[in-house]
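Me: I'd like to go through this one label by label and ask what stands behind each. Here it is.

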Amino acid sequence: MALVGIIMGSSSDWETMRHAAETLDALDVAYETKVVSAHRTPQRLYDYATTAADRGLKVVIAGAGGAAHLPGMAAAMTHLPVLGVPVESKALKGMDSLLSIVQMPGGIPVGTLAIGKPGAINAGLLAAAILATSDEALAGRLKAWRAAQTESVVDEPA
Ligand code: RP5
């Protein structure tokens, strides 16, 4: 059963959001993916967010670009933690996405990550870290992942 829901405003966001999915794959965390647009498919967003917790999801990762209202609107309709990934837009390089996602009003939090691939990777890691607070086996896998990353850093540039 999926524990993490990865949603994105468009299939064009997948090139970025696949890094969240690949990170969860590496940590053996079950997830689902879905295109959900705040603007183009508002009813799909409503249905997704209002049923997410009852369907067993524990964390939602939401990526969107431009007028990126998806993470905030998802957060408005579920008490689950929502991690927002600003997708890099062509016109404004993702600054629009970042500002749309990060400036939530007090009371409805979105944990906002970096623009693009690093944000997607870190959303996957944060989702895993949240789940790992009540899953010792996952905590072990997360610690091993981080140790391997540390081990992979070279002493000197090639
Ligand atoms: C947003 O508009 C999506 O999240 C995407 O980043 C952006 C462009 O979407 P497409 O025109 O490529 O479908 O809603």
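Reply: Helices here are DSSP runs of H or I with at least four residues, strands are E runs of at least two, and both are numbered from the N terminus. By that numbering, D28 is placed in the loop between α1 and β2. Keep in mind that this is a predicted model.

Me: What makes D28 stand out, and why is D28 called exposed?

Reply: Its phi is near 55°, a positive value in a residue that isn't glycine. As for exposure, the cut-off is 12 or fewer C-beta neighbours within 10 Å. D28 has 10 of them, so it counts as exposed.

Me: And K93, why does K93 count as exposed?

Reply: K93 has 12 C-beta neighbours inside 10 Å, and the limit is 12 or fewer, so exposed it is. K93 sits in the loop between β4 and α4, and K93 also has a positive phi, about 60°, without being a glycine.

Me: What makes the sheet an open one with edges, and which strands are the edges?

Reply: The 5 strands run in the order β2-β1-β3-β4-β5, with parallel pairing. β2 (31-35) and β5 have a single partner strand each, so one side of each lacks a neighbour in the sheet, and that makes them the edges.

Me: How do you know that β1 and β3 pair?

Reply: Pairing needs at least two DSSP bridges. β1 (residues 4-8) and β3 have 5, in the parallel sense, and I7 is opposite A62 of β3. β3 and β4 pass too: 6 bridges join them, again parallel, with V85 in β4 as the bridge partner of G63.

Me: What lies on the sheet?

Reply: Helix α1 (residues 14-26) lies across β1, β2, β3 and β4, at about 170° to β1. Helix α5 (residues 117-132) packs on the sheet as well, touching β1, β3, β4 and β5, and its direction makes about 175° with that of β4.

Me: Why is β4 called largely enclosed?

Reply: Buried means 20 or more other C-beta atoms within 10 Å. In β4, 6 of the 6 residues are buried, so the strand is largely enclosed by the rest of the structure. In a regular strand the side chains alternate between the two faces of the sheet. Both faces of β4 are covered, with V82, G84 and P86 buried on one side and L83, V85 and V87 on the other.

Me: Why does α3 get that description?

Reply: 6 of its 8 residues are buried, so α3 is largely enclosed by the rest of the structure. Those residues are L70, P71, G72, M73, A74 and A75. Their cover includes β1, α2 (42-51), β3, β4 and α4.

Me: How do you know that the buried residues of α4 are on the same side?

Reply: In α4 (residues 95-102) the buried ones are S97, L98, S100 and I101. They cover an arc of only 165° around the axis, which puts them on the same side of α4. They pack against β3 (59-65), α3 (70-77), β4 (82-87) and β5 (111-112).

Note on methods. Residues are numbered from 1 along each chain as its sequence is written. This is a predicted model: local features need pLDDT of at least 70, side-chain atom pairs count only at pLDDT 80 or more; totals for chains, interfaces and linings use all residues. The arc is that of the directions from the helix axis to the C-beta atoms. Two residues are in contact if their C-beta atoms, placed from the backbone, lie within 7 Å. Axes are lines fitted to C-alpha atoms, for helices over the stretch in contact, and angles run from 0 to 180 degrees between N-to-C directions.
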